[in-house]
Amino acid sequence: MGTRESGGMMRDCEYRFEFQPGWFELTLTDRVETEALILAESIKKQFNPLELAVSERDLLRDLARRALHLNIDEPLLASAYYTASGNCLANFRLDAFVEDDDKPLPTPAETVPCILGWVDGDIAGEPDVKYLDLEFGSAVRVQAMVQKKRKLGFGRKLSEFIDYAVFPPGADHLVVVHVGWWSMAHTDELTALTDELVATMRRVPVDANGDEIKPNS
């Protein structure tokens, strides 16, 4: 199976990615359970039942619930990374933040405390912050570990995430790529997958129907 391109649309552009095998798009339009179940069923059929370490029923339930959870705040794009055995290793979201008339967009440096403040838990250790120049704009990359309280307050659960906040020049918005995971044993693999995925990110101009506007078209 080769890479698969998916995209999330703004008013005048679409952000597209080449997803490696293992990523499954979970973006919902209406964000209702029926839609999530239909999507989950179509994805479940792409797994080999002989390789599954979970029941098909549990895989279906996980896909549907994950889709509903990832689409709560209406992202441009939602996805999740699964092993061939049916275990989810990471969540992906692409969100856009539009400039307000009375509040300009933050600078890359001002975005860092915002990113760290969005997490549902306490930052563990020192975040890794890098300022980058991507193909279509400046960006800040933040990687950090998070400690969250477990149910009933017993112990803490450790997770990790990478956020890329990207600032396309001249745009009235910024976009944030978020990938989060909870198995530290897969940190190296998921860090590489995230960076590889963001490297494929493209900003494509589109018309009112969402069709790409070709040069000289």
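Which residues does Asp95 touch, not counting residues up to four places away in sequence? The points below begin with that matter, after a remark on conventions. This is a predicted model, in which local features need pLDDT of at least 70 and side-chain atom pairs count only at pLDDT 80 or more, while totals for chains, interfaces and linings use all residues. Residues are numbered from 1 along each chain as its sequence is written, and side-chain values use heavy atoms, with hydrogens and water left out.

1. Surroundings of Asp95. With residues up to four places away in sequence set aside, Asp95 touches Pro75, Leu174, Val175 and Val176, contact meaning heavy atoms within 4.5 Å. Asp95 belongs to strand 5 (residues 88–98); strands (E, at least two residues) and helices (H or I, at least four) are DSSP runs, numbered from the N terminus. Asp95 has a relative accessible area of 13% and is therefore buried, a term for values under 20%, with exposed over 50% and partly exposed in between (1.4 Å probe, protein chains only). Its side chain makes a polar contact of 2.5 Å with that of Arg93. Such a contact is a pair of N or O atoms within 3.5 Å; within protein, one must be able to donate a hydrogen and the other to accept it, and residues adjacent in sequence count only if both atoms are side-chain atoms.

2. Aromatic pairs. The whole structure holds 10 aromatic pairs. Rings of Phe, Tyr and Trp (its six-membered ring) pair if their centres lie within 6.5 Å; planes under 30 degrees apart count as stacked, over 60 as edge-to-face and the rest as tilted. Phe17 and Phe19 form a tilted pair, 5.9 Å centre to centre with 50° between the planes. Phe19 and Trp23 pair edge-to-face, at 6.0 Å and 65°. Phe19 is buried because its relative accessibility is 2%, and Trp23 is buried because its value is 1%. Ring pairs link Phe17, Phe19, Trp23, Tyr81 and Phe92 into a cluster.

3. Strand 8 and its partners. Of the 12 residues of strand 8 (residues 156–167), 9 are buried, so the strand is largely enclosed by the rest of the structure. Strand 8 pairs with strand 7 (residues 137–149) in the antiparallel sense over 12 bridges; two strands pair if DSSP finds at least two bridges between them. Ser138 has Phe167 of strand 8 as its bridge partner. Strand 8 also runs antiparallel to strand 9 (residues 173–181), to which 7 bridges join it. In the hairpin of strand 8 and strand 9, with 5 residues between the strands, Gly170 has a positive phi near 80°.

4. Helix 1. Which residues of helix 1 are buried? They are Glu35, Ala36, Ala40, Ile43 and Lys44. Seen down the helix axis, the buried residues fall within an arc of 165°, so they line one face of helix 1; the arc is that of the directions from the helix axis to the C-beta atoms. On the other side of helix 1, Thr34 and Ile38 are exposed. The buried residues pack against strand 3 (23–25) and helix 2 (56–70).

5. Positive phi values. Most residues other than glycine have a negative phi. Arg31 has a positive phi near 55° and is found in the loop between strand 3 and helix 1. Glu74, in the loop between helix 2 and strand 4 (77–82), has a positive phi of about 55°. Glu74 counts as exposed because its relative accessibility is 52%.
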